[in-house]
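Please read this report with the sequence and the model side by side.

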Amino acid sequence: MNKVVVGLDEVGRGCIAGPVVAAAVILDDEKPIDGLMDSKKLTKKRREVLAQQIIESAKAWSIGRAEVAEIDEINILQASLLAMKRAFDGLDIKAGYAKVDGTFYPDIDLPGKCIKGGDNLVAEISAASIIAKVYRDEQMALLDVLYPGYGLSKHAGYPTPDHKMKLAQQGVISIYRQSFSPVRKLLP
């Protein structure tokens, strides 16, 4: 039996702007990485250092994303699962078992299980959480350059009071999830 475990996690579900991003990671037992945990519990600098270690020493890793239009069309849960499927499909090594953060399993052809809080309990899921978060933060920083005035690199698209205020002042643009209440309220 193939004992290769892939960890899957997503970031950006609660955001009102930008894509939802998932990662799939197969770690190398010969190259353990210290300090893996839920990406939200790490400083930005520590996440970036760990992301680089994961990318350099994992057997395989892949990023998947679902765009704003897809989120608005199929809902955030289905878009998150789609991003996970895309991350899984991007792996160049065949896994034997999947461990997925949360309570919903993506549409992948592999046995596995969902683990609530898995990003704090399972190294592969923690690694996926970290590289997905670092990748998504980089994407939001790029959007911040393209669409200045919204503070996207600061809040990464989460609906902070400052972000909602800037959105109300600047107006809704294409990178916003129109199916989300704080955005929908501002539509004509």
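Predicted model: local features only at pLDDT ≥ 70, side-chain atom pairs only at ≥ 80, totals over all residues.

In soluble globular proteins, nonpolar side chains tend to be buried together.

**The chain as a whole**

The chain has eight helices and five strands, and read along the sequence they follow the pattern β-β-α-β-α-α-β-β-α-α-α-α-α. For 188 residues a compact globule would have a radius of gyration near 16 Å, and the 17 Å of this chain agrees with that. The C-alpha atoms fill a box of roughly 55 × 35 × 25 Å along the principal axes, and buried residues make up 48% of the 188 residues. Among contacts between residues at least 6 apart in sequence, 61% join residues at least 24 apart. An unreviewed UniProt entry lists residues 3-188 as "domain: RNase H type-2"; over these residues the chain is 44% helix and 16% strand, and the end C-alpha atoms are 53 Å apart.

In H1, Arg47, Leu50, Ala51, Ile54 and Ser57 are buried. Seen down the axis of H1, these buried residues fall within an arc of 150°, so they line one face of the helix. An α-helix has 3.6 residues a turn, so residues three or four places apart point the same way. The buried residues of H1 pack against E2 and H5, whereas Lys45 and Glu56 are exposed on the other side of the helix.

H3 also has 14 residues, and the distance from its first C-alpha to its last is 20 Å, close to the 20 Å expected at 1.5 Å a residue. Its buried residues are Ile76, Leu77, Ala79, Ser80, Leu81, Ala83, Met84, Ala87 and Phe88, and they pack against E1, E2, E3, H2 and E4.

**The annotated site**

Where does the record place a "binding site"? The unreviewed UniProt entry puts this feature at Asp9, Glu10 and Asp101. These residues span 93 residues in sequence, yet no two of their C-alpha atoms are more than 8.0 Å apart, so they gather at one spot. Asp9 lies in strand E1, and Glu10 is found in strand E1. Leaving aside neighbours up to four places away in sequence, Asp9 touches Val21, Ala22, Ala23, Met84, Asp101, Asp119, Ile125, Ala128 and Ser129. With neighbours within four places likewise set aside, Glu10 is in contact with Val20, Val21, Ala22, Ser80 and Met84.

The table gives the relative accessibility of some residues discussed in this report.

| Residue | Relative accessibility | Class |
|---|---|---|
| Asp9 | 2% | buried |
| Glu10 | 15% | buried |
| Asn75 | 39% | partly exposed |
| Ala156 | 7% | buried |

Most residues other than glycine have a negative phi, and most peptide bonds are trans. Asn75, although not a glycine, has a positive phi of about 90°, and its place is in the loop between helix H2 (68-74) and H3. Ala156, which is not a glycine either, has a positive phi of about 55° and sits in the loop between helix H6 (152-155) and helix H7 (161-170).

Which residues does Asp137 touch, not counting residues up to four places away in sequence? Asp137 touches Arg47 and Ala156, and Asp137 itself lies in helix H5 (residues 123-146). The C-alpha atoms of Asp137 and Lys154 are separated by 9.2 Å, with the two residues 17 residues apart along the chain.

Conventions
Residues numbered from 1 in each chain as written. Heavy atoms only, no water. UniProt positions renumbered as here; feature names shortened; annotations may be inferred. Helix = DSSP H or I, 4+ residues; strand = E, 2+ residues; numbered from the N terminus. Contact = heavy atoms within 4.5 Å. Buried < 20%, exposed > 50% of the residue type's maximum accessible area, 1.4 Å probe, protein only. Arc of directions from axis to C-beta. Rg over C-alpha atoms; globule rule 2.2 N^0.38 Å. Expected span 1.5 Å × (residues − 1).
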